Amino acid sequence: VKITSWGLSRAAWAVATMRYKNPDLMATLAERATSPALLPTFDAQASTNLLWAYAALGIESPRLYRALEPQIANNLVTYGYSAETVSTLAWSAARMGYYSKDLMELLNWYI
């Protein structure tokens, strides 16, 4: 089944919005998101929706954060993010206890 980064992130968002905490499902989504074919296609909104979903459900996925970090950095510098997107990314990382000095410095620079 072919799924886009947007579709995957919206599926994760919907699962989190319903408060359906299913670690196996979220692990499958993270595995799919970090696939070499899909990972480079994540834009600001898709990355943010996906990370918000994990944080909202309290499901840790440091591998997902690490995998998306270069994509987030590239998109932030190239296209810019809204203040809401930056704050949601920072909240998601904080909620999950994910700390990356490089990501936090980049978000701080952007703000």
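Which residues on the other side of H5 are exposed? Ala 83, Glu 84 and Ala 94 are exposed there, where exposed means over 50% relative accessible area, buried under 20%, and partly exposed in between (1.4 Å probe, protein chains only). The model is predicted, so local features need pLDDT of at least 70, side-chain atom pairs count only at pLDDT 80 or more, and totals for chains, interfaces and linings use all residues. Residues are numbered from 1 along each chain as its sequence is written, and side-chain values use heavy atoms, with hydrogens and water left out. Helices (H or I, at least four residues) are DSSP runs, numbered from the N terminus.

**The nonpolar core**

- The largest nonpolar core has 35 residues; such a core is a set of buried Ala, Val, Leu, Ile, Met, Phe, Trp, Tyr and Cys residues joined through side-chain atoms within 4.5 Å.
- Met 26, Phe 42, Leu 50, Tyr 54, Leu 64 and Leu 68 have the most contacts inside this core.
- Two or more core residues come from each of helix H1 (5-17), helix H2 (23-33), helix H3 (44-57), helix H4 (62-79), helix H5 (83-95) and helix H6 (101-110).
- H3 gives the largest share of this core, 8 residues.
- In soluble globular proteins, nonpolar side chains tend to be buried together.

**Helix H3**

- H3 has 14 residues and reaches 20 Å from its first C-alpha to its last, close to the 20 Å expected at 1.5 Å a residue; the expected span is 1.5 Å times one less than the number of residues.
- Of the 14 residues of H3, 11 are buried, and the helix is mostly covered.
- The buried residues are Ala 44, Ala 46, Ser 47, Thr 48, Asn 49, Leu 50, Leu 51, Ala 53, Tyr 54, Ala 55 and Leu 57.
- H1, H2, H4 and H5 are included in what covers them.
- Leu 50 lies in H3 and is buried, because its relative accessible area is 0%.
- Leaving aside neighbours within four places in sequence, Leu 50 is in contact (heavy atoms within 4.5 Å) with Leu 8, Ser 9, Ala 12, Ala 33, Phe 42, Leu 64 and Leu 68.
- The C-alpha atoms of Leu 50 and Ala 67 are separated by 12 Å, and the two residues are 17 residues apart along the chain.
- With neighbours within four places in sequence again left aside, Tyr 54 is in contact with Met 26, Ala 27, Leu 29, Ala 30, Ile 59, Ser 61, Leu 64 and Met 96.

**Helix H5**

- H5 has 13 residues, and its first and last C-alpha atoms are 18 Å apart, close to the 18 Å expected at 1.5 Å a residue.
- Thr 85, Val 86, Thr 88, Leu 89, Ser 92 and Ala 93 are the residues named as buried in H5.
- These residues are on the same side of H5 because they cover an arc of only 165° around the axis, the arc being that of the directions from the helix axis to the C-beta atoms.
- H3, H4 and H6 are included in what covers the buried residues of H5.
- Arg 95 is in H5 and counts as partly exposed, because its relative accessibility is 44%.
- Apart from neighbours within four places in sequence, Arg 95 is in contact with Ala 55 and Ala 56.
- Arg 95 and Ala 55 are 40 residues apart along the chain, yet their C-alpha atoms are separated by 5.9 Å.

**The cavity**

- The count comes to 1 cavity of 30 Å³ or more; on a 1 Å grid over the protein atoms alone, a cavity is a set of points where a 1.4 Å probe fits but cannot get out.
- The largest cavity has a volume of about 50 Å³, a volume being the space filled by probe spheres set on the grid points, which are joined across faces, edges and corners.
- Leu 51, Tyr 65, Leu 68, Glu 69, Ile 72, Leu 89, Ala 93, Tyr 98 and Leu 103 line the largest cavity; lining residues have an atom within 4 Å of a point.
- H4 gives the most to this lining, with 4 residues.

**Two exposed residues**

- Arg 19 is found in the loop between H1 and H2 and counts as exposed, because its relative accessibility is 72%.
- Phi of Arg 19 is near 60°, a positive value in a residue other than glycine.
- Most residues other than glycine have a negative phi.
- Trp 109 is in H6 and counts as exposed, because its relative accessibility is 54%.

Terms used:
On a 1 Å grid over the protein atoms alone, a cavity is a set of points where a 1.4 Å probe fits but cannot get out, and a pocket is an open set with protein on both sides within 12 Å along at least five of seven lines; lining residues have an atom within 4 Å of a point.
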